[in-house]
Each structure stands twice: as structure tokens, then as C-alpha cells.
Amino acid sequence: MIVPTQSRERHIRRTKIIATIGPASRDEETLTRLIRAGVDTVRLNFSHGTADEHAHVVRLVRGIEQRVGRAVGVLQDLQGPRLRTGPLAGGAPVMLRDGAELVLTAREWPEGTADMVSVNYPRLPQDVRPGDRLLLADGALELEVARSDGTDIHTVVLQGGELGERKGINTPNINISLASPTEKDRNDITRGVLMGVDHIALSFVRTPDEIEATRGMLRSLGAANVSIIAKVERSEAIDNFDDIMRVSDGIMVARGDLGVDLGVERVPVIQKELVRRTNHRRVPVIVATQMLESMIGSRRPTRAEASDVANAVLEGADAVMLSAETSIGAFPVEAVQTMDRVIREAEVSEAYREVSRRAAADNSPDGQDRKIARAVVGLLADIDAAALIVFSPDDHMPRMLSLERPTAPVIAFTDSRALYRRMALWHAVQPQWGERHDNTDALVGYMLTEAQERGLARAGDQVVVARLAPRETSDAPSFISVLRIPHQPRGRQA
């Protein structure tokens with residue numbers, strides 16, 4: 001298989017960028033700058049903010065998308081069964097001393113102190129056992145359970161420090177009975193569908209049943225095409241990974257809670273393994289959390305952070321995600337610009353060619369659709385084509401082409417607004433809003449002209465052009481052609 005030489009000047013970025021929107025970035029000017037800088041999908045973190053604030057961001061993004069002429073997806077990230085401590089007296093942090101006793105109570109306790117703090121999950125006292133560890137505030141504080149009754153958990157502080165209000169509680173190796181989606185998640189899913197989100201990220205997934213329950217709810221809301229991304233954050237998700245992957249539309253390696261739950265030393269190897277397995281099974285994968293963490297307060301990342309982003313790209317990630325860097329950081333636009341530069345440099349390297357080689361060498365069993373996708377992507381590489389230009393009214397084949405790791409961008413035309421936005425998250429796919437043409441010659445002429453006029457191809461470029469018909473239809477049959485972009489635009493054809 002021939003892998004074409006990459007050109008920095010003409011390179012179209014394949015790996016997608018997700019940016020979390022928050023107080024530092026939800027105004028129209030900053031959002032516009034983020035999208036122009038290269039954000040492909042915005043993330044709305046439903047653990048924070050109000051429904052009205054999130055809806056306002058969606059409205060702004062849709063308007064900016066129209067003005068800028070770029071597809072931008074919206075990812076709704078649900079809170080999930082997140083355990084948190086409660087309020088503290090006067091709202092002030094308290095100091096937990098090593099060896100001190102702390103009671104976590106499921107009772108109403110609005111005046112938390114260094115001796116007793118409430119928790120937001122009433123069944124937690126029944127789920128823990130003596131000797132269990134509880135980690136607070138992203139693992140900064142560690143408690144050991146001494147005993148537990150119907151409402152109170154009596155713990156000893158193993159690693160102390162300052163505890164603020166409503167901090168997260170991680171429960172490594174403890175089977176928590178609270179499952180996804182929670183009641184809050186269900187309410188938020190309904191709100192998200194009304195807002196028009198394109199993807200839903202389900203937090204703290206443990207079993208495939210949780211994905212199926214979410215999918216059933218989406219069907220009942222008339223939103224069956226909304227993608228479900230399973231966030232891998234718990235050891236149970238690792239144990240059930242193949243089954244979770246089978247029923248999900250994508251995987252997010254959420255390294256923050258994963259590192260707290262399993263130990264930070266295990267995260268790099270787990271990340272590589274999960275990306276490898278998702279690539280093999282042709283499931284999109286996102287790498288997330290603390291990728292450019294220092295840019296929350298600095299204009300420049302550390303060298304280690306730049307390497308982290310590049311390594312995720314070289315491993316085969318479909319997308320990489322910014323969290324606090326763009327939601328509360330001082331330099332949200334600069335963080336996106338930095339991530340864009342690092343990705344591009346990784347993608348034009350010799351090492352990145354291995355991503356396409358691995359996909360081409362994968363001899364796992366093929367269904368008919370994958371055989372078609374592999375044939376198209378193989379042709380693209382063999383003739384060193386500048387682009388693959390396709391028209392598809394549904395998402396199946398463009399998604400399959402993306403997951404075969406094509407050696408050139410997939411310029412994907414569609415007349416479905418929902419598909420146009422969903423494709424913004426897919427590796428190598430450049431979504432293009434376009435007109436449907438039943439006549440094959442008219443469609444080919446239209447796509448070639450539009451690709452040139454939109455700056456995605458140049459006169460004389462050799463390209464693969466295809467229309468991939470929807471499954472279960474006999475209308476508008478599929479076709480594949482090798483053509484050159486004309487030197488004189490032929491104009492739009494009716």
C-alpha cells in the first residue's frame with residue numbers, strides 16, 4: 001500500500017478537536033474565535049452550568065456555524081452517578097488532618113465541618129465496607145472506612161488537606177448501586193434533545209445495559225440518530241469494555257477519573273490499549289482530560305503536554321479534547337491553536353503513516369459495508385489521490401470510511417443538516433453542506449466544482465469521487481470514479 005507524502009501547506013487536519021465551553025468561552029466573540037481556530041465539536045458539561053446557559057451556547061454555535069461556513073457538532077456530557085460531598089459552613093473550605101476522624105453522612109447536613117460532611121447519595125453508607133478507600137477532590141484526599149451504619153460512614157483520614165464544597169468522591173473497587181443514566185441525566189437528555197445536541201457522552205458507564213437504556217430513551221424522544229459516547233472512567237468499564245464498545249457509537253478515554261480509580265501509573269498503558277482495541281473494532285475514540293492543563297493559566301504548554309497530544313494522535317485517536325483549558329482558562333483560543341499545531345505536526349510525520357498502515361493491515365472479518373469502505377480507501381492510497389469526495393444522505397458509509405483511516409481527507413457532502421453536524425467529530429471527514437442531484441453527471445460536476453471553490457482541492461488534483469447509496473434502498477445507486485479536478489470550473493449543474 002502506498003502512503004502519500006504529506007504536505008504541510010496543503011494538509012487538512014484529520015484528528016478532531018473538542019473544546020469544553022464554560023464561563024471563559026460562552027460569549028459569542030470567544031466562541032467565534034474558538035471555531036475559527038479549529039474547534040470541530042463543542043462540549044457542554046452538564047455537571048456545571050444551567051440548562052439556559054447551555055441552550056444559549058447551542059444557539060450561538062448554530063449562528064456562528066452558518067456565518068463561518070463550518071460544521072460544528074455539539075456534545076452533551078452528562079453528569080452521571082457522580083458522588084459529591086455537600087455544603088460547608090459559611091462556604092469556606094475545611095482542613096482535614098492526617099489520622100483525624102471524618103463522618104460522611106447521607107442526612108441533610110448543610111453546615112459541614114472538618115468532623116462531618118454530607119454526601120449526595122443516600123445509599124453510599126450501604127455500599128461501603130470497612131477497609132474501603134474513598135478518594136475526595138480528584139484523589140487529593142484519601143479516607144479509609146472504619147464502619148458504616150444506615151446513614152453515616154465513619155472514616156479515618158489517611159491523606160489530608162483542604163476540602164472545599166461539593167467535591168467529587170471516587171470509590172475504587174467499590175460496587176456502587178447507582179447506575180447511568182440517573183434521574184438528573186434523564187431530565188438533561190430531554191433538554192439536550194430539545195436543544196438539538198448531536199452527541200451524548202454517558203458518564204461512569206459500567207455495563208452495556210446503561211448504553212441501551214439511554215438509546216431507548218433517545219428513541220422515545222424521536223432522537224435515535226443522536227450518537228452515544230461511552231466514557232471509560234471506572235474499573236468496571238475496563239472489565240466490560242468489549243460489550244460496552246459493541247453497543248456504543250464512540251468511546252471516550254476519560255483519564256481524570258480513570259486515573260483516580262485505577263491509579264495514575266496505569267493510565268498510559270490503559271489508554272494505548274483502549275485506543276488499539278477501538279481502532280481494531282472500528283469504533284471512534286476520544287482521548288480526554290488534562291491534555292494542555294498548564295494552559296489554564298499559561299500561554300504555552302509544557303513539552304510533556306505537547307507530547308501527550310501528539311502521542312494520542314499517533315496512537316490513532318479520532319479526537320482529542322480540551323476541558324478546563326477552554327471552559328475556565330485564561331487562554332482558551334490559544335489552547336485550541338496550540339492543539340491544532342501539535343496535531344498537524346504529528347499528522348505530517350512519518351510516524352503517523354503507521355495509523356493508516358495498521359488499518360489497512362487489519363485482517364479481521366469484514367461485513368459487506370466494510371469491504372466497500374476498505375476498497376475505496378485502498379484505491380485512494382494506491383493512486384495517491386488528493387481527496388475522497390463523496391455524497392451520502394445517511395451516516396453509515398462516511399463513518400465507515402473515516403474508521404478505515406484514509407490517507408487523504410474525506411470531503412463528505414450531504415443535504416442532511418443533522419448528519420452535517422455529526423460528521424464534524426469523525427476522523428478525516430470534512431463535512432460539506434450540499435445539494436442532492438439525482439443525475440450522476442450533475443452530482444459529480446457539482447461536487448468537483450464545490451470542492452475547488454471551497455478551497456478543499458485544486459485544479460489538476462486527482463481525486464476519488466463516489467456516491468454511496470443508503471442501505472436498504474434501490475434508488476440512486478452507488479458509484480466510484482477516479483477523476484481530476486478541472487482546470488476551469490464547469491459551473492453548477494442543475
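Predicted model: local features only at pLDDT ≥ 70, side-chain atom pairs only at ≥ 80, totals over all residues.
In what order do the strands of the open sheet of seven strands stand?

**Entry 1: the seven-strand sheet**

I read the order as E4-E12-E8-E9-E10-E6-E7, and the pairing is mixed. I then looked for the edges and found strand E4 (83-84) and strand E7 (116-118), each of which pairs on one side only. Inside this order I checked one pair in detail. Strand E6 (residues 101-105) and strand E10 (residues 152-159) are antiparallel, with five bridges between them. I looked up valine 103 and found histidine 154 of E10 as its bridge partner.

**Entry 2: the five-strand sheet**

I next went through an open sheet of five strands, with mixed pairing and the order E20-E19-E18-E21-E22. Strand E20 (429-433) and strand E22 (479-484) stand at its edges; each has a single partner strand, so one side of each has no neighbour in the sheet. I noted that neighbouring strands here are turned by 20° against each other on average, direction ignored.

For one pair I took strand E18 (residues 387-391) and strand E19 (residues 410-414), which run parallel and are joined by four bridges. Phenylalanine 391 has phenylalanine 413 in E19 as its bridge partner.

I also asked what lies across this sheet. Helix H17 (residues 440-453) lies across E18, E19, E20, strand E21 (462-467) and E22, and runs at about 135° to E21.

**Entry 3: helix H12**

I checked the length of helix H12 (residues 332-347) against its residue count. At 1.5 Å a residue, its 16 residues should span 22 Å, and the end C-alpha atoms are 23 Å apart, which agrees.

How many of the 16 residues of H12 are buried? I found twelve, so the helix is largely enclosed by the rest of the structure. Among the buried residues are Pro332, Val333, Glu334, Asp340 and Glu347. I listed what covers the buried residues of H12: the cover includes strand E1 (16-21), helix H1 (28-37), helix H10 (303-315), strand E17 (319-322) and helix H11 (324-327).

**Entry 4: asparagine 279**

I located asparagine 279 in helix H9 (residues 267-281). Is asparagine 279 buried or exposed? Its relative accessible area is 15%; buried means under 20%, so asparagine 279 counts as buried. Leaving out residues up to four places away in sequence, I found that asparagine 279 touches Val285, Glu315, Gly316, Asp318 and Arg405.

Definitions and conventions. Residues numbered from 1 in each chain as written. Heavy atoms only, no water. Helix = DSSP H or I, 4+ residues; strand = E, 2+ residues; numbered from the N terminus. Expected span 1.5 Å × (residues − 1). Buried < 20%, exposed > 50% of the residue type's maximum accessible area, 1.4 Å probe, protein only. Contact = heavy atoms within 4.5 Å. Pairing = 2+ DSSP bridges. Axes fitted to C-alpha atoms, helices over the stretch in contact; angles between N-to-C directions.
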